[in-house]
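The sequence and coordinates are displayed first.

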Amino acid sequence: MANVNLDKVHSALNFEVKHMMVSKAKGEFQEFDVDFNGSFDDLENASVKATIDVASIETNNEDRNGHLKSGDFFDVETYPNITFVSKNIEKVSDSEFKITGDLTIKGVTNEETFTAEYNGKAKDPMQGNTIAGADVSGKINREDYGLTWNAPLETGGVLIGKEVKFSGGFEFVVEE
């Protein structure tokens, strides 16, 4: 079996949430890893485990970053990581898959299903390695994970939406 490693330089994990009911606040996690076990030629029998370093959250606003790391939200001192462990990968089409697994945030685990688009494999002309890529997207209800802090708005509604959308682009080096 080939050795597969995430190429962190060519990978990204982003998120967005509704802000003040009228716009979106966006950010990213800068430190994460994805362990892939299996073959890119047989994704339905593969498995993945993603580990995200919550302290690496970046929203381009230091005050907001600090608030998100605090006990009001992620409580990084107690819960330093978010994890996702796949339980099933289902082929939808030649390039689209549904990945179902256990997502754990702030000590709470729920089963979630996300969409993955497999972008195929290519040979790296510089290094000679095989490269494989996939894009993953989905949405979760942050309140399902104990991330319930919010503030009411004078005009009605709340400061932060419940739904968090995320997208990730992942490149892997396959050493055969």
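The sections below proceed from the whole chain to individual sites.

## Basis of the description

The structure is a predicted model, in which local features need pLDDT of at least 70 and side-chain atom pairs count only at pLDDT 80 or more, while totals for chains, interfaces and linings use all residues. Residues are numbered from 1 along each chain as its sequence is written, and side-chain values use heavy atoms, with hydrogens and water left out.

## Overall architecture

The chain contains one helix and eleven strands; helices (H or I, at least four residues) and strands (E, at least two) are DSSP runs numbered from the N terminus. In order from the N terminus, the elements are β-β-β-β-β-β-α-β-β-β-β-β. The radius of gyration is 17 Å, close to the 16 Å that the globule rule gives for 176 residues, so the chain is as compact as a globular protein of that length. That radius is taken over C-alpha atoms, and the globule rule is 2.2 Å times the number of residues to the power 0.38. Along its principal axes, the C-alpha trace spans about 55 × 30 × 30 Å.

Of the 176 residues, 39% count as buried (buried is under 20% relative accessible area, exposed over 50%, partly exposed in between, with a 1.4 Å probe and protein chains only). The chain exposes about 10,000 Å², of which carbon and sulfur atoms supply 47%; accessible areas come from the Shrake-Rupley method with a 1.4 Å probe, and for residues only the protein chains shown count as cover. Among contacts (heavy atoms within 4.5 Å) with a separation of 6 or more, 54% are between residues 24 or more positions apart.

## Salt bridges

Six salt bridges are counted in the model, each being a side-chain nitrogen of Lys or Arg within 4 Å of a carboxyl oxygen of Asp or Glu. One of them joins Lys-87 and Glu-111, with the closest N and O atoms 2.6 Å apart. This pair links distant parts of the chain, with Lys-87 in strand 7 (residues 81–91) and Glu-111 in strand 9 (residues 108–123), 24 residues apart. Lys-87 and Glu-111 also belong to a network of salt bridges that includes Asp-102.

Glu-163 and Lys-139 form another salt bridge, at 3.7 Å from N to O. Glu-163 lies in strand 11 and Lys-139 in strand 10, so this pair ties together parts that are 24 residues apart in sequence. Glu-163 is partly exposed, at 37% relative accessibility. A further salt bridge, between Glu-16 and Lys-24, has an N to O distance of 3.5 Å. Glu-16 is buried at 18% relative accessibility, whereas Lys-24 is partly exposed at 47%.

## A buried arginine without a salt bridge

Arg-142 is located in the loop between strand 10 (130–141) and strand 11 (160–175). Arg-142 is buried but has no salt bridge, and the nearest side chain of opposite charge, that of Glu-143, is 4.6 Å away. For this assignment, Lys and Arg count as positive and Asp and Glu as negative; His and the chain ends are not counted.

The side chain of Arg-142 does reach the backbone oxygen of Ile-160, at 3.3 Å. This is a polar contact, defined as a pair of N or O atoms within 3.5 Å; within protein, one must be able to donate a hydrogen and the other to accept it, and residues adjacent in sequence count only if both atoms are side-chain atoms. Setting aside residues up to four places away in sequence, the residues touched by Arg-142 include Phe-73, Trp-149, Lys-162 and Val-164.

Ser-11 lies in the loop between strand 1 (3–6) and strand 2 and is buried at 12% relative accessibility. Its side chain reaches the backbone oxygen of Asp-7 at 2.8 Å, and a polar atom of the Ser-11 side chain lies 3.0 Å from the backbone nitrogen of Glu-171.

Asp-135 belongs to strand 10 and is partly exposed, with a relative accessible area of 36%. A polar contact of 3.2 Å connects the side chains of Asp-135 and Asn-119. Beyond four places in sequence, the contacts of Asp-135 include Thr-115, Glu-117 and Gly-168.

## Positive phi angles

Met-20 is not a glycine, yet has a positive phi of about 55°. Met-20 occupies the loop between strand 2 (12–19) and strand 3 (23–29) and is partly exposed at 38% relative accessibility. Asp-75, also a residue other than glycine, has a positive phi near 50°; Asp-75 is in the loop between helix 1 (62–69) and strand 7.
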